[in-house]
Amino acid sequence: CDRYEDACHAACDGGADSHSHTDSHADEEDPEEDGSALPADCCVGDGLPTMFGDVSRMECVWPTQNTNDRGDPPLDPVLSSPSLQFPGEPCTRHASYTDCVGETSERCQWVFLASEAGGKCRVDPVSKCLEKGNCVCNTDDFGGGAGLGGGVLFHVPVSVTARDIAPESLVTAYREEAATPVDGTDTRHPRDESFFVSKVDFTAKTLTYDLRDAFPEDQTLLVKLHHLYRDQWLEGTVYAGPALRVEVDSSGEDTVVRVNGVDYAFEKLKTWHCNQLAVTPAAVYLRNVAVERDLGSEAPPAAAGVTLGPFSGEAFDVRLYAGALTDGEIELVGGWCGDAGELKMYETLETPFLRGGCEPDVDPVPSDDGVQTYGTGAFGTLWVAPHEYDTQWWGPNAEEGYSMKPVGANADYNWVEEDYTKGVYYDMTEDMLDLDQFFQELKLTQYTWERYYFELDMLPINLAPWYWYADAGKVPGFSERVWNNPCRYIHQHNNGWLYPYYGEGIPKYEGGDFDMGKLFHQRGKDGYGFVVHETFHGAQGEFMDTFGIIGTRWLAESTASYGADFAFPGADTYSAPYIVTPGVPLNMFFDVETSPHFLSDAMSVGDDIRGGHVYSAFPFWSFLANHAGLPNLVGKMYGTDVVDAERAGELVKLRALLHAEGLDLGDVFANFVAHLRTTDFPTGAAHAAMLQNSFDAYNRATWASEACQFACGEGLDTEVDRATWRAGNVDDGYDDAQDCNWVAEDPAARCDTEGTGIFGTATLEDLQTTITTGATEMVAGPRELRPGPFGWNAIKVEGVAGFVTVRVAWDALDTDDAENQWVEVNGIHDASDCPDDERFFSGRVVRVASDGARTYWKLDGYEASATVEVVEGDVLHVLLAPTPFADYVNDEWRGGNGAPGPGYGDQY
């Protein structure tokens, strides 16, 4: 049913003529004639909900319009690095944000990274895609078309690209330049290039456009404005061009719009929502309130080009139309910045919850008209969730102690119990909201989504080496309008999120000035790890839907946690399960794993840890971002069809993408393990705190009744007691004699005893170490801890000095898992010389000096050695990681002949 959205509507409504059908495959047979049919259960109940009544913007999209049935081979992939794709491009030579974005011979983008360099400069892929004609952006994508008034003359989205996307653009060149902020506007929230600078932040920049011809004097300007922060007023030049100069100053009691030197006063702007400013030949409009222009007093400039900024706020969707727009057209263009009712969530957006089925899983709104309060920034809309009275989120309840104030609402509003009815959803109107808290969550949304879109490349960029499709036939039918349109994708999709996030998911920030840069440097705040992880799932699901790419639980959960770590390095989230189980394969998910070796307690501790493993593997993606300089590989994993990951495995796909960048996955992974072992990251202190916090949370003290369920008679017969549990606590110590067997001797008296957590008495350092040695002869790794593919063993060497040679000799591959490793499979690998392939055996030596300085040596190959000079106080770590180029415990022969294998063997 999720592929028949409007077909359902037509059928349920009783006729197919209720919606127009734009068929871009006119030479194909009609879907109804070629045997396609609606699923039998497509129409639910008596038909579609009322909210779908007359949705003029939604079109009937049949999956059979797609010429690719996902079984067809993809187009020939273009696997090349950006330097090969754009020979001689100047972006990569720049090492600072200012130099990067100021490049004039090419449109460059600065990608902000938590690395010593602070980021990297690259060709702006969106602008390049538009320049080459592989991508499209249309004025209609932002609401209101190009044909309003006398036609659009100039349209710069800013949010997606600084290019002019007007159909008949008069722009011959454009550039970005640094500018001095308006006095007093850069003090409370100073620009921080070590953190992030938004595309739409004009505090310290200008965009300048050279024109082939001047615009006519009879013109209408429209621009959307947003506050950087609620406590930062707007002041500066919004637009300066032929015959028109517009400035804004909201520092006083009124908001003053200065047009060609004449001031026009308006009420204060909304600080939690965007505001549209419009200037027609006769009037100035701010939030649809019009003031007549004093044309006799104005002095139109004779500018030859256009300049935007500097301006102490955000400006986006800048348009200039010929002639005058009507009040209705101005309101249409400004809908995203309008009041409740101007946009309707269920009718306006093309996001999957609308196109995917007959009854979307969203909260109802209080009326069939879909009126709902919302706030919009440059990169998306946050809708205010309707609240249901007498729930845990709102209403007095003596037993539960609910507050009369709804979650996220204004405590000073006159909440009267008698005004509300149990079981009814109420819209939270503007005066009911805690606007500070709403702004905080909208700001978080804008910040994270902008970074996901433009730095992780989680948006349509139909350009090699990102991806390159010849036509829409290679993507699902419902993605026809967005597969190569980043503008429509950003402004029409992934906009179904509701405030407050997950009810009380993020407490209101009360720590002084609310500032994203400050939160970035202090590892986020309470709830950010969880909420930002979940919002990444939104971007992820949207991207997967658009291109029909399959992702496993490992890819989904590890990259979502990476999304949180990328936005707020070191934010508290699940991280311990990956660190304390080094031998477990990178992408193992225990629910479908069958290897008893990986599922043993020695390897993976317990189900709590096994279940968290795919979440906590995100440091690998962070390493790819900040050390390899490839944060956008996540976007390529979801948007590129160069390798069928469902068949070949996601690590094979990742290997191909890294190979295209001139890197080997095994080599990169071994470097990652070496850095992870000693938390050698640019944000090492933050990540060390994150790992310890996660370890402590998992290792909370437990009662004997919880750890010794069998002994205490509370577990099933098949359950066993936790072998690592000991009575006692950190302060008093632990007694090895007081374990679950001790509890079983007198359960009535001992089941209430406090004891160790899931890791027993082991510390985080203990669990990161496979074996500690000071021996001068070969030491065998424990059989029960042999690492799987893209797992590792960690040997800690202490008590040695001088010139020390570390020698490694790996066992044969056919000893890895005797239960699942058939002799015939070993023969296939042996015949291919797999046992001697260096890419299978990745080793690293890390010397940690007494002052914490790290030095690294490679130790690759079936047999390898490295000589290291060690002085007193140094510690050596030897990391050994099997890094097969595909999967050394699985191949097509295994599957075809019914040989046993780990459930995720194909994915290793």
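How many disulfides does the count come to? In this predicted model, the count comes to 7 disulfides.

## Disulfides

A reminder before the details: a disulfide is a covalent bond between the sulfur atoms of two cysteines.

Let us begin with cysteine 100 and cysteine 121, which are joined at an S to S distance of 2.1 Å. The link of cysteine 100 and cysteine 121 is right-handed, with 85 degrees about the S-S bond. This pair connects distant parts of the chain: cysteine 100 belongs to helix H3 (residues 97-101), while cysteine 121 belongs to strand S2 (residues 119-123), 21 residues apart. Cysteine 100 and cysteine 121 are buried.

Next come cysteine 274 and cysteine 337, whose sulfur atoms sit 2.1 Å apart in a disulfide. Here the torsion about the S-S bond is about -110 degrees, so the disulfide is left-handed. Cysteine 274 is found in the loop between strand S10 (262-266) and strand S11 (275-279), and cysteine 337 in the loop between helix H5 (327-333) and helix H6 (345-348), so the pair ties together parts that are 63 residues apart in sequence. Are cysteine 274 and cysteine 337 buried or exposed? Both are buried.

Two packed helices are described by the angle between their axes and the distance between the axes. For helix H16 (residues 619-626) and helix H20 (residues 665-677), the angle is about 105 degrees and the axes are 10 Å apart. Angles of 65 to 115 degrees count as roughly perpendicular, so H16 is roughly perpendicular to H20.

Which residues meet in this contact? From H16 come Pro619, Phe620, Phe623 and Leu624, and from H20 come Leu665, Val668, Phe669, Asn671, Phe672, His675 and Leu676. Sorted by class, the contact of H16 with H20 has 9 nonpolar residues, 2 polar residues and no charged residues.

Helix H19 (residues 650-660) is mostly covered, with 9 of its 11 residues buried. Among the buried residues of H19 are Leu651, Leu654, Leu657 and Leu658, and also Glu650, Lys653 and Arg655. Just after H19, glycine 662 takes a positive phi of about 85 degrees.

## Salt bridges

The count of salt bridges comes to 40. Here are three of them, with the N to O distance for each pair.

| Salt bridge | N to O distance |
|---|---|
| Aspartate 141 and arginine 488 | 2.8 Å |
| Lysine 508 and aspartate 434 | 3.1 Å |
| Aspartate 667 and arginine 844 | 2.6 Å |

Let us take the pairs in turn. The side chains of aspartate 141 and arginine 488 meet in a salt bridge. Aspartate 141 lies in the loop between helix H4 (125-132) and strand S3 (152-156), and arginine 488 in helix H9 (residues 486-492), so the pair ties together parts that are 347 residues apart in sequence. Aspartate 141 is buried, with a relative accessible area of 1%, and arginine 488 counts as buried at 3% relative accessibility.

The side chains of lysine 508 and aspartate 434 also meet in a salt bridge. Lysine 508 lies in the loop between strand S20 (498-499) and helix H10 (516-521), and aspartate 434 in the loop between strand S19 (425-426) and helix H8 (435-454), so this pair ties together parts that are 74 residues apart in sequence. Lysine 508 is partly exposed, with a relative accessible area of 26%, whereas aspartate 434 counts as buried at 15% relative accessibility.

Aspartate 667 lies in H20 and arginine 844 in strand S28 (residues 841-848), so the pair ties together parts that are 177 residues apart in sequence. Aspartate 667 counts as partly exposed at 22% relative accessibility, while arginine 844 counts as buried at 2% relative accessibility. Elsewhere, salt bridges that share partners join Lys270, Arg287, Asp339 and Glu430 into one network.

Note on methods: Residues numbered from 1 in each chain as written. Predicted model: local features only at pLDDT ≥ 70, side-chain atom pairs only at ≥ 80, totals over all residues. Heavy atoms only, no water. Buried < 20%, exposed > 50% of the residue type's maximum accessible area, 1.4 Å probe, protein only. Helix = DSSP H or I, 4+ residues; strand = E, 2+ residues; numbered from the N terminus. Disulfide = S-S within 2.5 Å. Axes fitted to C-alpha atoms, helices over the stretch in contact; angles between N-to-C directions. Parallel < 35°, antiparallel > 145°, perpendicular 65-115°, else oblique. Contact = heavy atoms within 4.5 Å. Nonpolar A, V, L, I, M, F, W, Y, C, P; charged D, E, K, R; others polar. Salt bridge = Lys/Arg side-chain N within 4 Å of Asp/Glu carboxyl O.
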